[in-house]
Amino acid sequence: MRYIGHAPSQIDEMLETLGISSIESLFNDIPDNVKLNREMNLPRPLDEIELKRELLNISKKNKAADYVNFIGAGAYDHYVPAVVKALVSRSEFYTSYTPYQAERSQGTLAAIFEYQTMMARLTGMDVVNASIYDGASSLGEAILMACNIKKKNKVVFSGAIHPEYLTTAKTYGFGNGIDIVSSVYTSSCETDWKQLEKLVDDNTAAIVISMPNFFGVIEDVKQAEKIAQAKDVMLIVSTNPITLGLLKPPSDYGADIVVGEGQPLGNSLNFGGPYLGFMGTKAKYMRRMPGRIVGETVDADGKRAFVLTLQAREQHIRREKATSNICSNQALNALAATIYLAYLGKNGFRDVAYHSHANTQYFINEAKKLDHIKIINPKVFNEVVVEVNDLDKKYQTAIEHKMLPGLKLNKFYPEQKNRLLIAFTEKRTKQEIQELLKVLGVS
Amino acid sequence: MENVPLIFEKSRKGKEGFKLSPLKVPEIEVSKTLGEDLLRDELDLPEVSEVDVVRHYTKLSRMNFGVDNGFYPLGSCTMKYNPKINEEIAAMSGFTELHPYAPEELSQGTLEIMYDTQNLLAEITGMDYFTLQPAAGAHGELTGILIIKKYLENKGEKRTKIIVPDSAHGTNPASANQAGFDIVNVKSDSEGLIDIEALKTVVDEDVAALMLTNPNTLGLFEKNILEISKILHDKGALLYYDGANLNAVMGIARPGDMGFDVVHLNLHKTFSTPHGGGGPGSGAVGVKAFLRDFLPKPLAAKNDEMYFLDYDIPYSIGKIHGFYGNIGVVLKAYAYIRSLGAKGLKEASEIATLNANYLLKKIEDMFDAPKDALCKHEFVVSCKNWKEEYGVRALDVAKRLLDYGFHPPTIYFPLIVDEALMIEPTETESKDTLDSFADALRKIYEEAKQTPDILKSAPHATPVRRVDEVKAAREMKLKYQG
Ligand SMILES: Cc1ncc(COP(=O)(O)O)c(C=O)c1O
């Protein structure tokens, strides 16, 4: 009996207490014609040794997990410190539910409060919620929020947003008939501001930009601010939190809602999840924000304590009038992000951003010396688009060297042939970068 | 007792935790590479040592309570034991270090797990296809309702309403609203089941679907489910299954056989993955074959040579997650299903139901509760009589249970029951635990009669005393301000 708490004799005692002779009779209320009446067709149960052996073998088929990784595109191979892994593995954290009973959940609540604080400082926003599912869904929620605030139903996207964020946002918009239009990107992989501005009309609630954008490029964010102000639309900024170790927070260029993927903050790649979406906004919009929020208060003895607050926005109270349907979020991933930020601290966090950026710059500067690598736009932070001849062949060579050289952009943009989006973190060594240059730089 | 600590108060200028070696590549001037006007001023993060960090979060963890600490009968949440081996498996580097855009040939392990999990869940629920993309139950609901919307639109039908029972979880109406539907509530009858006559009067050609959980939120099996299904389907509407309560019926009855067209499961409930203090979960969605072409992209698939991500889904609603869902959570659910097999899962449901009925029997005399009723994996009792006779509320009972070392049940849900305590013991709890919980409740019942103030001022033995929610909502201190 796997994971069952009773001794067999206790089951008999319980049946006796209930005055019944078999467990089966507890299911007499289920009509026979909806009962399964056969055994489910599932593989035989495995004991722990078999299970571990089998899963270890399956995990080894993920050969890419061992390769030197230059793929980014929304998920980044930053180092996850042992401290983070050890602390999020404390079962008082990971085996608890959402902190509904505040008096016995101060650990989770205080950590979320710290998360809200650090993310507010990072993004420059007044309030940050306790997390959303991931970067793409936090953007989806942001467009719904903006359309509700503005009572309009169109949102204009920069053409240089992560293509899968655009798809996700469209799915979120589909329910309420929100029209999502996207401008193009320029030949230097930047937002086409003129075109974007033209797409904004009276029915537009918000514009959405990514900083840095999907192609790694540092955008001319003042343009976004100008358009948002001139057209009286909200500015939604999707950002990579690591870059905020060096870059100005989006509040500085007028962001009304900041969202993004929090995975780079202490969360492993995990084939795309679990990650965490973050969302911050201005104080005046906080009652329109989706998701859980923790507030400071006191207990009956007047001591500082924390509790879920502003719940009148949420589904369990407002039902169909809630700001969002979100209930469970990504609390443990947000805890990892919190511990990561605290542990790296002021200097360590800046260093991770700086090293990632310096590695990128090193690659760019070395690549410029080679004939066969074209840098599309060098004004980038931690990711850069390159064009090389014979990409497929070179990609294969890289794979043979146990290296993932980047993301082939034709996955999303058929017109971007022979182009790679390459990401650099503090984990990449000088030698690894040189090897990549060697593979890509041959004629 | 002291203030709950915050990491910011440990910060001392110059302290360091994590530190990288000096750069091996050339130093750069960020004012040149990024531009002077884009550089931020100082970033105000804590300056703490590694020991500070470890002690602080260890201390915070001890102010928490999880399934590993004790009984956690939180109704509708299925707080069963979270097997340690599943944590170990999900932490294997072959899984954790895999990038979502790594080449498929080099990601065969995780793709195999995804493919197999889709099929295992289909067999368990009687559905045809599953997507693992939704990250939680509510996310699954949104996905499922959008699938229904797209399907109807594709048929050229413009249906505007979704029906939810008055006992439904708040996410049901909220998700339907987020998918652009109007909500119609249908009431429960005196037994706590959907009122069939009331249902008939609201089902018309404008109804897209009924959202239902079975057993329902009162822990009762909707025994008229086939009739309900017929009422909906006869009018061209679909039936949506909120799988939060699947823990009662695994291997016994399947939503697919009850007439449901779309289901979501909470892998973080029935399939034992830990709740993480509020996520990550996984809200896998299953559909009948006629809805396959509307699922989000991509699905894990398999051809003669290998596993791959199938983007060929003609009428797909698009994407609901940036990548493929909470795959690390899916892995734990997969490991759980492989550990238990068909017999083990059925036994889990049987014992979960036995435990609920046993505990109900042990405590029902103290509450307004349906006497001798058969519940499934959970049940709801009302503290209305406690309130009327002794002036104590469900909230006070919950807080006092904390003093006895138990996590309280869900309170004030479902909304149709006054002063509700919703109790879900799960199969992993022993008779001894159930007995001591029942004993504690009985002691609290006596306290309610004799010294009700002990309840009203509870908890007394927790890291903090009762917190002031009103003050939090009024002052709105949502971040640390020094
Ligand atoms: C009946 C029911 N439906 C839906 C949900 C929502 O699930 P989640 O919190 O994973 O979004 C819950 C969770 O509490 C539930 O109990």
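Is Glu387(A) buried, partly exposed or exposed? At 27% relative accessibility, Glu387(A) counts as partly exposed; here buried means under 20% relative accessible area, exposed means over 50%, and partly exposed is what sits in between (1.4 Å probe, protein chains only).

A quick word on the ground rules. This is a predicted model, where local features need pLDDT of at least 70 and side-chain atom pairs count only at pLDDT 80 or more, while totals for chains, interfaces and linings use all residues. Residues are numbered from 1 along each chain as its sequence is written, chains are lettered from A and ligands numbered from 1 in the order in which they are written, and side-chain values use heavy atoms, with hydrogens and water left out.

**Salt bridges**

Back to Glu387(A): its partner in a salt bridge is Arg419(A), with the closest N and O atoms 2.8 Å apart. A salt bridge is taken as a side-chain nitrogen of Lys or Arg within 4 Å of a carboxyl oxygen of Asp or Glu. Glu387(A) lies in strand S12 (residues 383–388) of chain A and Arg419(A) in strand S15 (residues 419–423) of chain A, so the pair ties together parts that are 32 residues apart in sequence. Helices (H or I, at least four residues) and strands (E, at least two) are DSSP runs, numbered from the N terminus.

Over all chains, the whole structure holds 59 salt bridges. Here are three of them, including the one just described.

| Pair | N to O distance |
|---|---|
| Glu387(A) and Arg419(A) | 2.8 Å |
| Asp52(B) and Lys15(B) | 2.7 Å |
| Lys223(B) and Glu191(B) | 3.1 Å |

For the pair of Asp52(B) and Lys15(B), the aspartate is in helix H2 (residues 50–62) of chain B and the lysine in the segment before helix H1 (30–35) of chain B, so parts 37 residues apart in sequence are tied together. Asp52(B) is buried, with a relative accessible area of 16%, and Lys15(B) is partly exposed at 31%.

The pair of Lys223(B) and Glu191(B) joins two loops: Lys223(B) is between strand S4 (207–212) and helix H9 (225–234) of chain B, and Glu191(B) is between strand S3 (182–186) and helix H8 (196–202) of chain B, so this link spans parts that are 32 residues apart in sequence. Lys223(B) is partly exposed, with a relative accessible area of 36%.

There's also a salt-bridge network that links Asp77(A), Lys427(A), Arg428(A), Glu432(A) and Glu97(B).

**Strands of chain A**

S12 and S15 show up again in an open sheet of four strands, ordered S11-S12-S15-S14 (chain A) with antiparallel pairing. Its edges are strand S11 (373–375) and strand S14 (407–408) of chain A, each pairing on one side only. Two strands pair if DSSP finds at least two bridges between them. S11(A) and S12(A) have three bridges, and the bridge partner of Ile375(A) in S12(A) is Val386(A).

Then there's strand S8 (residues 277–281) of chain A: five of its five residues are buried, so it is largely enclosed by the rest of the structure. Gly277(A), Met279(A) and Thr281(A) point one way, with Phe278(A) and Gly280(A) pointing the other. Strand S7 (residues 257–261) of chain A runs antiparallel to S8(A) and is joined to it by five bridges, with Gly260(A) opposite Phe278(A). Strand S2 (residues 127–128) of chain A is also antiparallel to S8(A), through two bridges, and Val128(A) has Gly280(A) as its bridge partner.

Thr281(A) in S8 of chain A is buried at 0% relative accessibility. Its side chain reaches the backbone oxygen of Asp256(A) at 2.7 Å. That is a polar contact, meaning a pair of N or O atoms within 3.5 Å; within protein, one must be able to donate a hydrogen and the other to accept it, and residues adjacent in sequence count only if both atoms are side-chain atoms.

**The ligand**

The ligand lies between chains A and B. Around it are 15 residues, the closest being Ser328(A), Ser76(B), Asp242(B), His268(B) and Lys269(B); a residue is near if one of its heavy atoms lies within 4 Å. A ligand nitrogen is 2.6 Å from an N or O atom in the side chain of Asp242(B), and a ligand oxygen is 2.7 Å from a backbone N or O atom of Ala138(B). The protein buries 99% of the 390 Å² that the ligand exposes when taken alone, with areas from the Shrake-Rupley method and a 1.4 Å probe.
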